[in-house]
Amino acid sequence: MNDDRHIRLLIGLGVVVLILLGKLFSIQILDGKYKADAERNSMVYETIYPTRGIIYDRDGRILVGNKTAYDIKVTPREVREFDTLSLAAVLDVTPEFIKEKMAEYKKNRSIGYQSVTMIRSLPAEKYNRFAEIAYRFPGFKGQMRSIRDYPFNAGGNLLGYVSEVNQAYINRHPDEYRSGDFAGMTGIEAAREKELRGEKGYHIYLRNSHNQIEQPYRGGEEDKEAVAGHDIVTTIDATLQQYGQQLMQGKVGSVVAIEPSTGEILALVSSPGIDVEQLAEIGKYYNEIVSSPYKPMYNRAVQASYPPGSVFKLVNGLIGLQEGVLTPHNYYPCSQGYHFGSGRKLGCHAHKSPIDMEESIMMSCNAYYCYVLKNILDNKKYDNVAEALDAWHDYVTSFGFGRKLGSDFPAELSGSIPTSKTYNKAYGKGWWNSTTVISLSIGQGEILATPMHLANLCATIANRGYYIIPHIVKASEGVEIDPKYYEKQYTKVDTLQFPKIINGMYRAVNSGPGSGGTATIAAVEGLDICGKTGTAQNPHGADNSVFICFAPRENPKIAIAAYVEQGGFGATNAAPIASLMVEKYLTGEVGRPALEKRIKETNLLSRMRK
């Protein structure tokens, strides 16, 4: 009996042993999952950063390229006792710097086996000296990476900068970025970050039981190569962009140039701007840039809303023509302004009177457009002035005003165009009329627009009634642009009305000295420039100088808007800047050296401080 029990016990134990051996065989031999899990626990991933895409101008010139930078990284848990003085000497830092860094890493225990960057952008000669003796400093290693290079000094604000991501950025993009990664923060770098950044890769290594990196995992079979970012081809003409920056030196404002037939932005200048040398080392200059009273990071071309001033008379003239309340042969008087109400007047400069529509554009008469707007708003086809104003609003917004144009450049503002609700709220319903809002006739009052809006207006007139949404990136391999950047956006004004306005713009520039034309300073023989000056009132100081123009008159190649804060009359600063850029773009050179010298030497920043 006891023997039977003993045999059964042995058999039971044998079965259990066989089951355990079978399970162990399955785990260790048949099922690689557990082995892989064990391996993963000892894996170390080393990130391979991709080469960021290059940014080109429209003619293939490199605006933003790449160059190699050298960093020193440290893995705190791998650091052994080392000669601090020797390491400091070879890296050209103080021993205190290294001691402070190591104390910081020791305090932050979560770093552990993570590699962190101790020194960025070490000069190549110092990096090479370190590489020769790196074996003496376990836990320290050098790493090469790609940083931005700017071979052409054009468009710091336009291009934007690349910087290491902070925790807030990582929180917004948790699946794409980790500490130590870089991303575009402003300008084209930010707008096209997805295409430019590329795709990170990695090397996988195994640690031994002493937490030392021993060998590549599976001989490197599981490594992933980095994928370089896509190159971006912009619509910018680098020479024109650079020239615009030179002309705007010492001034506050912006210049926007567009190719009317395509909507491609040829130049987008914001001044004062960021020099590309500052972009290359943004961390070094960041505090200086953000503390500047002139706000160089603020891109005035798309982020500043201004009263457009007299250039807006062109819009009111077109609306008047379309509404049938104005013809090119209508004459109106001007007694140095428009007189209305009980002794009230909207002033104007001295010129001949009465004048017709073309002369009103040529001479930039304020009174003429007061009559035009009054006729638009008092038009009997509408039940009341409020209804007429809303119809006027619809016309104006069809030119792109009062809303974001939808360009591919970030942070674009919408500006502002008033409606009847604006004045009902301010004065009460039924308690305002056409003379209450008469300042709208000359682009003042509640009208606000960006320089981009004004350049787009000029392109619309050049195209005789339509625009293509301004954009700054061309389609290229791996980079698509929205189909809307190929579509014509028509205004509510018939195309037949535009030549009537263009005649006045042509005469404003080309009528010759003594004619009363306000933009004769912009004339260039053979270019047939058509333009309109503007002098926008500024409650903070001297008037703003405004000018829009396109050329040539037939088959225009460039439309441009210049806006100079506290620059005085439109013909004083804005018109010379815009016309010089047109001349440079269309002919490749400038034949007015005295004017060019005067503009380059004009510095209005002292005026801005008052």
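Modeller: Start with two terms. Helices (H or I, at least four residues) and strands (E, at least two) are DSSP runs, numbered from the N terminus. Two strands pair if DSSP finds at least two bridges between them. Here, strand 17 (residues 530-536) and strand 18 pair in the antiparallel sense over seven bridges. Gly-534 stands opposite Val-546, and Lys-532 has Ile-548 as its bridge partner.

Biologist: What should I know about the model itself?

Modeller: This is a predicted model; local features need pLDDT of at least 70, side-chain atom pairs count only at pLDDT 80 or more, and totals for chains, interfaces and linings use all residues. Residues are numbered from 1 along each chain as its sequence is written, and side-chain values use heavy atoms, with hydrogens and water left out.

Biologist: In what order do the strands of the open sheet lie?

Modeller: Five strands form the sheet, in the order 12-11-19-18-17, with antiparallel pairing. Strand 12 (264-271) and strand 17 are the edges, and each pairs on one side only. From one strand to the next, the twist averages 5°. Strand 18 also pairs with strand 19 (residues 558-564), antiparallel, over seven bridges. There, Ala-551 stands opposite Ile-558.

Biologist: How many residues of strand 18 are buried?

Modeller: First the cut-offs. Buried means under 20% relative accessible area, exposed over 50%, partly exposed in between (1.4 Å probe, protein chains only). Eight of the eight residues of strand 18 (residues 544-551) are buried, so this strand is largely enclosed by the rest of the structure. Asn-544, Val-546, Ile-548 and Phe-550 point one way, while Ser-545, Phe-547, Cys-549 and Ala-551 point the other way.

Biologist: Which helix lies across strand 17 and strand 18?

Modeller: Helix 20 (residues 498-510) does, running at about 80° to strand 17. Axes are lines fitted to C-alpha atoms, for helices over the stretch in contact, and angles run from 0 to 180 degrees between N-to-C directions. Contact means heavy atoms within 4.5 Å. Helix 10 (residues 238-247) lies across strand 11 (253-259), strand 12 and strand 19, at about 25° to strand 12.

Biologist: Now a core. Which residues have the most contacts inside the largest one?

Modeller: The general idea is that in soluble globular proteins, nonpolar side chains tend to be buried together. A nonpolar core is a set of buried Ala, Val, Leu, Ile, Met, Phe, Trp, Tyr and Cys residues joined through side-chain atoms within 4.5 Å. The largest has 106 residues, and Trp-392 and Phe-401 have the most contacts inside it. Apart from it lies another core, of 33 residues, among them Ala-508 and Val-564.

Biologist: Where is Lys-295, buried or exposed?

Modeller: Lys-295 is exposed, with a relative accessible area of 53%. Its phi is positive, about 50°, although it is not a glycine. Gln-566 also has a positive phi, of about 55°. At 6% relative accessibility, however, Gln-566 counts as buried.
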